[in-house]
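Student: Hi! I've just opened this one and I'm new to it. Could you walk me through it?

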Amino acid sequence: MTRARWLVAFFALIVLSVAAVGGFVVHDVTHGVPAGAGEKVRVTVAEGVPFARIVDSLVQQGLIRDAWTLTFFARATSSDRKVHRGTYEFVRGTASVDILRALVNGDILTVRVTIPEGYTMWQVAAAFKSAGVDSVAMMTAISDPDLVRSLQIPTPNVEGYLSPDTYLVPFGSDAEDIVVQMLTRFHAVWTPDFERRSRELSMTRHQAMTLASIVEAEARDPMERPLVSAVYHNRMKINMKLDADPTVAYAKGGYRGHLYYKDLAMDSPYNTYRHPGLPPGPIGNPGAESIRAALFPDSSSQALYFVARGDGRHDFSNTLKEHDAAVRRARAATEARPR
């Protein structure tokens, strides 16, 4: 055999060998693992973890057959150097090539977290547990001095500025990243019109947000927000204490049960039964409509009092005599309801 023919035969053998191995690899990485098919499995890829360790984890959790085939395929396509960090959720039985594609594309697990209007900072912190974020870490971020300074507010946390919304959060996100995202959303909600109006009322943004949080907590019926706001504006004009139950509940750490007369006497700067004017800061995180109501109260209302009727609405009164009568009606209606 001449040297030229020998070289041709040698290279042909290499091509056939690679094709055979490649066929085996492609077959292996494109067929899922049938055992436990349909079960969801989470895999976390940390920053800087070698690709070999990622593959070993996939094998240990039964997502792929063995490490060698996927490693060979990934190196051949340079995919082993393109994996994104984060937490992934795979369905057991997914083809290995699809798992690799997800790792390369960064198709990390995301969780939709909805923060309702009026949630306190403690409720916000707890809500992100579903996204794998520790509530203690959230509270630490909410009280971060740098974030507080960035808002130029006089409170030790960013309560009131954690804008209610639905957030799509990568599982296991950094708590501070989430808080920054919520504060960014707040800056979009606090419009130039709101800023101008607060100045017209001689209110700081912080005072407006504090009042908005009280309105949010009191007004179950959205249509009553401007009326509730008017009561507090009217009281502040005559230096009358606000006497807002939700501020006492907040002083008790966000207490959600029934308040008693002894609670109204507790010594806290947030207790508006004891201290005149607005409390030091918001008692929750209000939505845009409660902010609007705080800044644009019902100017036609002279009411100084309101009482819950038990149906989600309130009776508003201009005088204490009218208010006492409304309270008696509300109590009678409550006692008449079937138990």
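Tutor: Happy to! A term to start with: helices (H or I, at least four residues) and strands (E, at least two) are DSSP runs, numbered from the N terminus. Axes are lines fitted to C-alpha atoms, for helices over the stretch in contact, and angles run from 0 to 180 degrees between N-to-C directions. This is a predicted model, where local features need pLDDT of at least 70 and side-chain atom pairs count only at pLDDT 80 or more, while totals for chains, interfaces and linings use all residues. Residues are numbered from 1 along each chain as its sequence is written, and side-chain values use heavy atoms, leaving out hydrogens and water.

Student: Got it. At what angle do the axes of helix α6 and helix α8 cross?

Tutor: Roughly 50 degrees, and the axes of α6 (residues 135-142) and α8 (residues 175-189) come within 8 Å. The two helices are therefore oblique to each other (under 35 degrees counts as roughly parallel, over 145 as roughly antiparallel, 65 to 115 as roughly perpendicular, and the rest as oblique).

Student: Which residues of α6 and α8 make the contact?

Tutor: On the α6 side they are Ala137, Met138, Ala141 and Ile142, and on the α8 side Ala175, Glu176, Ile178 and Val179. Contact here means heavy atoms within 4.5 Å. By class, the residues come to 7 nonpolar, no polar and 1 charged. For those classes, Ala, Val, Leu, Ile, Met, Phe, Trp, Tyr, Cys and Pro count as nonpolar, Asp, Glu, Lys and Arg as charged, and the others, Gly among them, as polar.

Student: What about α11 and α14, how do their axes cross?

Tutor: They cross at roughly 40 degrees and come within 8 Å, with α14 covering residues 288-295. That makes α11 oblique to α14. Arg225, Pro226, Ser229 and His233 in α11 meet Glu289, Ser290, Ala293 and Ala294 in α14. This contact divides into 3 nonpolar, 3 polar and 2 charged residues.

Student: New topic: how many salt bridges are there?

Tutor: The structure holds 17. A salt bridge is a side-chain nitrogen of Lys or Arg within 4 Å of a carboxyl oxygen of Asp or Glu. Side chains of opposite charge can pair when their charged atoms come close.

Student: Nice. What does glutamate 200 pair with?

Tutor: Glutamate 200 pairs with arginine 197, with the closest N and O atoms 3.1 Å apart. The two are separated by about one helical turn because they sit 3 residues apart in helix α9 (residues 192-200).

Student: Is glutamate 200 buried or exposed?

Tutor: Glutamate 200 counts as exposed, at 58% relative accessibility. Buried means under 20% relative accessible area, exposed over 50%, and partly exposed in between (1.4 Å probe, protein chains only). Another salt bridge joins arginine 225 and glutamate 216 at 3.4 Å, N to O, and both of those residues are buried.

Student: And which residue does arginine 313 bridge to?

Tutor: Aspartate 221, with the closest N and O atoms 2.2 Å apart. This pair links distant parts of the chain, 92 residues apart: arginine 313 lies in the loop between β5 (305-308) and β6 (314-317), and aspartate 221 in the loop between α10 (205-218) and α11 (225-237). Arginine 313 is partly exposed at 33% relative accessible area, whereas aspartate 221 is buried at 16%. Salt bridges that share partners join Asp221, Glu224 and Arg313 into one network.

Student: Last one: where is serine 317?

Tutor: Serine 317 is in strand β6, and counts as buried at 4% relative accessibility. Leaving aside neighbours within four places in sequence, serine 317 is in contact with Ala303, Leu304, Tyr305, Glu322, His323 and Ala326.
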